[in-house]
Amino acid sequence: MQQWLPAWRSDSYRGKVIDVEHGDSNYSLVTLKLQRGWPVHTAGQHIQLTIENNGRLLTRTFTVASSPDLYKQQQKITLLIKRQQKGQFTGQLADIIKIDQWLSISKAQGDFVLEKSEYPITMVAAGSGITPIMSMLTQHLSTIKQPVYLRYIASHNQHYFVDLLSQLSAQFGHFEFDLVDRKQHQNMPLFTNEQLQDVYCCGPATLMNSIKLQAQALGFSYFQEQFSLTPLVNLQQQEFKVSLGTNELAVTNQRTLLEELEHLHQPVVRGCGIGVCHQCQCVKKKGIVKDIRTGDLSGAGEQLIQLCVSQPISDLELSL
Ligand code: FES
């Protein structure tokens, strides 16, 4: 099967690209028609998309921007993909993807979904963090009754879905939104009263941390999603030796093992880059790594590790 369809996987589903819309912003909206039987997502969840590029299979994680109802009615989903990130696959992806191309899509995952509640809802999205929020709004605004406010932060002219947001606001009197840039956001208080509410946030880690602290200080329920891992924070730079077969390499503790080994042109496999797909998994034979998602330290002996979420803490011996 993989000879005809290189991006095909036994644990995944096929989707055909039926539209690619390059707007004025740095994002492209890609519409896929999926094969029957794909387990429909819950609004807010993400999928892994695998594509063949120059003979290599590459996987990235994207949140579905469209509603579950769109898939149920037309078997379609939409993904918002960032362009113009020089040298990075995700940034080039919108240009690689062509109409009529077949891609491989995983089942949807993730727990950033709208919780049942009667409290007013405040949503904060930044950049591509708008995608799970759009899926939630288009799916749920017709059935929820409480006020919903969205603050959408992006650089000037980089807001996406503006027409759709305006339509939703005209159609549903309980939905309002503001389009702001980062500076405006910093100068506009988000919570103007202390009435209990549910807060949903998707964007960079620093923004989410700040919204989380504000929400929790007021006793609000807080939910978040993030597209990237929290950056490594190291008090002191250290260098360690990594044995890979007969090679001995020097790495620092300032980046993940995946980034360090890619930098050293080692034959590592990068998938989602956020600890979801396990494509970067390898055997650590000796040494200690830290899982940057949880802060947990590994044992010193043999175990499977995911390179993209592992920070070296000692000299290591690995088998790729
Ligand atoms: S690249 Fe997906 S888990 Fe590491």
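Is Ile305 buried, partly exposed or exposed, and how many other C-beta atoms lie within 10 Å? Ile305 is partly exposed, because 19 other C-beta atoms lie within 10 Å. The scale behind that answer calls a residue buried if 20 or more other C-beta atoms lie within 10 Å of its own, exposed if 12 or fewer, and partly exposed in between, with C-beta atoms placed from the backbone.

The structure is a predicted model, in which local features need pLDDT of at least 70 and side-chain atom pairs count only at pLDDT 80 or more, while totals for chains, interfaces and linings use all residues. Residues are numbered from 1 along each chain as its sequence is written.

The protein contains seven helices and 18 strands. Helices (H or I, at least four residues) and strands (E, at least two) are DSSP runs, numbered from the N terminus. The radius of gyration of the protein is 21 Å, close to the 20 Å that the globule rule gives for 320 residues, so the protein is as compact as a globular protein of that length. Here the radius of gyration is taken over C-alpha atoms, and the globule rule is 2.2 Å times the number of residues to the power 0.38. Along the principal axes, the C-alpha atoms fill a box of roughly 65 × 50 × 35 Å. Of the 320 residues, 37% count as buried. Contacts are counted between residues whose C-beta atoms, placed from the backbone, lie within 7 Å. Among contacts between residues at least 6 apart in sequence, 65% join residues at least 24 apart.

The chain is divided into domain 1 (13–105), domain 2 (121–225) and domain 3 (239–319). These bounds come from an automatic or database domain assignment. The centres of domain 2 and domain 3, taken over C-alpha atoms, are separated by 36 Å.

Strand 1 (residues 13–22) and strand 6 (residues 102–105) run antiparallel and are joined by four bridges; Gly15 has Leu103 in strand 6 as its bridge partner. Strand 1 also pairs with strand 2 (residues 27–34), in the antiparallel sense and over seven bridges. In this second pairing His22 stands opposite Ser28, and a hairpin of four residues joins strand 1 to strand 2.

Helix 3 spans residues 130–140, and ten of its eleven residues are buried, so this helix is largely enclosed by the rest of the structure. Among the buried residues are Ile130, Pro132, Ile133, Met134, Met136 and Leu137, together with Thr131, Ser135, Thr138 and Gln139.

Strand 10 (residues 198–202) pairs with strand 11 in the parallel sense over five bridges, and Tyr200 has Phe223 as its bridge partner in strand 11. The loop between strand 8 (148–153) and helix 4 (162–171) holds Asn157. Asn157 has a positive phi of about 65° although it is not a glycine, and with 10 other C-beta atoms within 10 Å it is exposed.

A second open sheet has five strands in the order 13-12-18-14-16, and its pairing is mixed. Strand 13 (247–252) and strand 16 (303–306) are the edge strands, each pairing on one side only. Neighbouring strands of this sheet are turned by 40° against each other on average, direction ignored. Strand 12 (residues 239–244) and strand 13 run antiparallel, joined by six bridges, and Glu239 has Thr252 in strand 13 as its bridge partner.

His265 is found in the loop between helix 7 (257–263) and strand 14 (281–286). His265 has a positive phi of about 60° although it is not a glycine, and it counts as exposed with 7 C-beta neighbours inside 10 Å.

Ile305, the residue of the opening question, lies in strand 16. Not counting residues up to four places away in sequence, Ile305 touches Cys282, Lys284, Val289, Ser298 and Ser310. The C-alpha atoms of Ile305 and Thr246, 59 residues apart along the chain, are separated by 20 Å.

Definitions and conventions:
Pairing = 2+ DSSP bridges. Axes fitted to C-alpha atoms, helices over the stretch in contact; angles between N-to-C directions. Contact = placed C-beta atoms within 7 Å.
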